[in-house]
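Student: Hi! I've got a new structure open and I'd like to walk through it with you. Can we start?

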Amino acid sequence: MIERGNPLKTRIFHPETEKNAIAEAAEIIRGGGLLGIPTETVYGLGANALNEEAVKAIFEAKGRPQDNPLIIHVPSADWLERYCKDVPAVAYALARRFWPGPLTMILPRRENVPLRTTGGLETVGVRCPDHPLTLAIIEAAGVPIAAPSGNTSGRPSPTTAQHMIEDMDGKIDGIVDGGPCAVGVESTIVDLTVTPPRLLRPGGLPLESLREVLGEVAVDKAVTQKLGDRERPRAPGMKYRHYAPKAPVTVVTGDPERSAAYIRGQLEPNDGVICFDEYAGDFAGHIIHKLGPAADRLAQARHVFDALRTFDATDVSHIYAQCPDDAGLGLAVGNRLKKAAGFHVVDAGKRPLVIGLTGPTGAGKTSALAALERLGGCILDCDAVYHEMLRTDEGLRRDITEAFGDVFDERGLNRQKLGSIVFADPEALERLNAVIYARLVPALRQRVYASAAPIVGIDAINLFESGLDRLCRRTVGLLAPAEVRIRRIMARDGISEEYARLRVEAQKGEDFYRAHCTDILVNDAASAAEFENKAYAFFCHMIKQIKEESNHE
Ligand code: TXA
Ligand code: MG
């Protein structure tokens, strides 16, 4: 037994440059010492699994509750029979497919595995890690290595040697630097002693992969929910809050656009955000940590613990985290985030169906919008949003002033003054539109996703010129014969036929809408009420179509 002074001198091994590193590291294990080992999931705090004293030291160094069992690491499935009994055939099938790799199997233990290691259980977790250095160290030591994640209990698991040094320097004999972990979340744990097999902890191997080999796999309640005080999870470690940052954490699930919009709506100046890479720009001015691209769950797994750790060094008052859905590695990433949040989770909901509406005046837009509202749609009127922004959005006011001089007075935008600049000069008008659209599109995007409605209609004359069409799943051009429109405008606005005619002629022709819109709705109804019903049927049909398309996607 190595003499355990306090503090110890922790030796850092760099096996790629040190010739004897593997042999010397194995010697620490054989001598009953503690060694930080790299694996593909997270770094582990290893000791000889068969040596009770060494195992006891693991619990002490980590500050880990004694009833929380350790898993043992073996170099191949050939060692299963040595430490487990009644090994079912599926264990070998899993090992063939996924070992070495991020999968831990719970099996009945043999007597030679001390109860100290298994936390008093008659079962033992076994895993073959996918890291050449650690496999070599186990082979050289000739004994299985018991290793929990190498963090102090309650802290995020370490994914670099540096993290391990932060938590364990002076407490253990050595740390083997094997580079950053490729997977970043711990192994998937499946209990093979029950029927059907049960997922105890989601991890680096997706549940879907397990099901390919095992068929039915039950998911333990502790994976998705906070357990009651009296409930005991099957993996004792799942009852502990993994990592509790100083600041409270809120996890926001749902479509990434929705979760980003939700978080933007909640953020106070001193709050921090864990977000997908694409949304980093939405949280400018806040301390953020990027989780990886929304679609790249492996990147998210790699970053999740680091993201949580980073906030330790800040004084944010609240942390909001975007969360992937449960597919693939998303189940493990979400589980780690939710545990850090004490399962404080908000569902921001599904992405709404966004329909753009455009067309010339007098075509019956009001009735069409009413029909969409009857279907549960929320209408965003671009013109109204623009006018509101002119009053309240400092950025827009600044941009306009920079481009066109001081066109605001105490009553707001001086339209005459701005009009005299832009209506005489087509280039100036184009510049003005560019300035407006650059602010308007993000503002509308924010409103689209912050609204809880399942359907959002964007009402915009310049749907295409502004680029708002890119937010829309469908774009509907509302058309009506010119003569009908002239009569409607005359009646509606109380103007002469001549003037109404001029206005209609000044607008874009039907061809524009037929060329750009995904759908055309012609108002040839005799009354507004009749057209509203026609529009209602039209949108019903469209929504049904989109649902069918989504089912095929
Ligand atoms: O990826 C990993 O699994 C990492 C690396 C180092 O291999 N290790 C790791 O160990 O995450 P640890 O101790 O942090 O997590 C192991 C989990 C704990 O929640 C523990 O309660 C559970 O496995 N466990 C261990 N033995 C068990 C058993 N016999 N039955 C049920 N759960 C068990
Ligand atoms: Mg752990």
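Predicted model: local features only at pLDDT ≥ 70, side-chain atom pairs only at ≥ 80, totals over all residues.

Student: How much of the accessible area of ligand 1 does the protein cover?

Tutor: On its own, ligand 1 has 680 Å² of accessible area, and the protein covers 97% of that.

Student: Okay! Which elements give two or more residues to the shell around ligand 1?

Tutor: They are strand 4 (71-73), strand 6 (123-127) and strand 10 (198-201). Strand 6 gives the largest share, with four residues.

Student: And which residues come nearest to ligand 1?

Tutor: There are 28 residues around ligand 1, and the nearest are Thr-41, Asn-68, His-73, Ser-187 and Gly-237.

Student: How many of the shell residues are nonpolar, polar or charged?

Tutor: The shell around ligand 1 has 14 nonpolar, nine polar and five charged residues.

Student: Back to those oxygen atoms of the ligand. How far from one is a polar side-chain atom of Arg-64?

Tutor: For Arg-64 the distance to an oxygen atom of ligand 1 is 2.8 Å. Ser-149 also has a polar side-chain atom placed 3.0 Å from an oxygen atom of ligand 1.

Student: New topic: helices! At what angle do helix 8 and helix 15 cross?

Tutor: The axes of helix 8 (residues 256-266) and helix 15 (residues 426-450) cross at roughly 100°, and they come within 8 Å. An angle of 65 to 115 degrees counts as roughly perpendicular, so that is how helix 8 and helix 15 lie to each other.

Student: Which residues make the contact?

Tutor: Helix 8 brings Glu-257, Arg-258, Ala-261 and Arg-264, while helix 15 brings Arg-445, Gln-446, Tyr-449 and Ala-450. By class, the residues of this contact are three nonpolar, one polar and four charged.

Student: Now the backbone. Is the peptide bond from Trp-99 to Pro-100 cis or trans?

Tutor: The bond from Trp-99 to Pro-100 is cis, with omega near -10°. Pro-100 sits in the loop between helix 4 (89-98) and strand 5 (103-108). Thr-195 and Pro-196 are joined by a cis peptide bond too, with omega about -10°, and Pro-196 is in the loop between strand 9 (188-191) and strand 10.

Student: Why point those out?

Tutor: Because most peptide bonds are trans, and most residues other than glycine have a negative phi.

Student: Then what about Asp-86: is its phi positive or negative?

Tutor: Asp-86 has a positive phi, near 50°. Look for Asp-86 in the loop between helix 3 (80-83) and helix 4.

Definitions and conventions. Residues numbered from 1 in each chain as written. Chains lettered and ligands numbered in written order. Heavy atoms only, no water. Near = heavy atom within 4 Å. Polar contact = N/O pair within 3.5 Å; in protein donor to acceptor, adjacent residues only side chain to side chain. Areas by Shrake-Rupley, 256 points an atom, 1.4 Å probe, with all protein chains shown as cover. Nonpolar A, V, L, I, M, F, W, Y, C, P; charged D, E, K, R; others polar. Axes fitted to C-alpha atoms, helices over the stretch in contact; angles between N-to-C directions. Parallel < 35°, antiparallel > 145°, perpendicular 65-115°, else oblique. Contact = heavy atoms within 4.5 Å.
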